[in-house]
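Work through the exercises below with the sequence and the model at hand, and try each task before reading its solution.

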Amino acid sequence: MNEQTFLNISTEVRDALVSGKPVVALESTIIAHGMPYPKNIQTALEVESMIKNNGAVPATIAILDGKCCVGLNEEQLTALGKSKEVWKVSLRDIPYVISNKLPGATTVAATMRIAHMAGIRIFVTGGIGGVHRGAETSMDVSADLTEMSQTSVAVISAGVKSILDIGLTLEYLETKGIPVVTVGQDTFPSFYSRESGFTSPLRIDDPGKIADLIRVKWQLGLIGAVLVANPVPAKSEIPFSKMEIFIHDALSSAKKNNISGKKLTPFLLQYISEKTGGESLEANIALVKNNALLGARIATAL
Ligand code: PSU
Ligand code: MN
């Protein structure tokens, strides 16, 4: 018994990996806990076909029937998107969810780890978890960050939502030796907004050059992720100052309701989505698709 015992790789993904075709991993927490039904499933399917249309093979990852599934069919995606019983699985939850054969949607941390077990090196998501505001007392730092320091998978995101402390998150990424590359602008983006108030540590506009940096990091024997931040398309962005108001409200509501631990991120996302009346959902969908396109390009170049 080893990690391979718990992997269930779809035929399409396995064939692609064997023949050296580019493969792009996708997370499932965004489907089960990040977006409402039925937009979650529609988006997941559209993102998969965008990746296919751009020459790569999509591999959505989740835990089902005691296995780490890499590459889901439409029926499995639909079940994840409809059910209310799906676990949010970060790194620490993997053993419990597998040993109890529970359905689980994987976060960035868990998806990275499973992608790596399967031999996939490029992973597309919306936003990563990070250092929460107030972490100096709550110690709430997402396992996404520690995972990025120890697992060699490149993560394509739209930056870091300002439900988090963006400055502390960038400091943490520096401490852990994780290169942070923004595409097309000098500013590090904040998920819904192209702005964040922080300059990106690096800027590279050409996907081929990003692939070069990723390759060189791993050829040097440096373990861990590269974080690529791809700003939300201008026509879908919500201005930073407008988002800040919703985020402040969301944070005080979380405090009032004593929400902490793994429930905090989904609570904040849900709150913001309700208060922005669907505008944030549209931005979320647009940025994930935009990331899928970039991820397919980087995977192809790599
Ligand atoms: N941030 C977002 N959208 C998301 C998430 C984070 O902007 O959907 C999800 C991702 O799956 C991420 C997880 O890996 O939340 C982080 O949760 P936590 O903070 O509990 O580690
Ligand atoms: Mn947390």
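**Exercise 1.** Does Cys68 count as buried or exposed?

*Solution.* Buried means under 20% relative accessible area and exposed over 50%, with partly exposed in between (1.4 Å probe, protein chains only). Cys68 has 2% relative accessibility, so Cys68 counts as buried.

Before going on, note that this is a predicted model, in which local features need pLDDT of at least 70 and side-chain atom pairs count only at pLDDT 80 or more, while totals for chains, interfaces and linings use all residues. Residues are numbered from 1 along each chain, chains are lettered from A and ligands numbered from 1 in the order in which they are written, and side-chain values use heavy atoms, leaving out hydrogens and water.

**Exercise 2.** Describe the polar side-chain atoms beside ligand 1, and then its surroundings.

*Solution.* Take the polar contacts (pairs of N or O atoms within 3.5 Å) in turn. From an oxygen atom of ligand 1, a polar side-chain atom lies 2.5 Å away in Lys161, 2.7 Å away in Lys88 and 2.8 Å away in Thr265. Taken alone, ligand 1 exposes 470 Å², of which the protein buries 93% (Shrake-Rupley method, 1.4 Å probe).

Note on methods:
A polar contact is a pair of N or O atoms within 3.5 Å; within protein, one must be able to donate a hydrogen and the other to accept it, and residues adjacent in sequence count only if both atoms are side-chain atoms.
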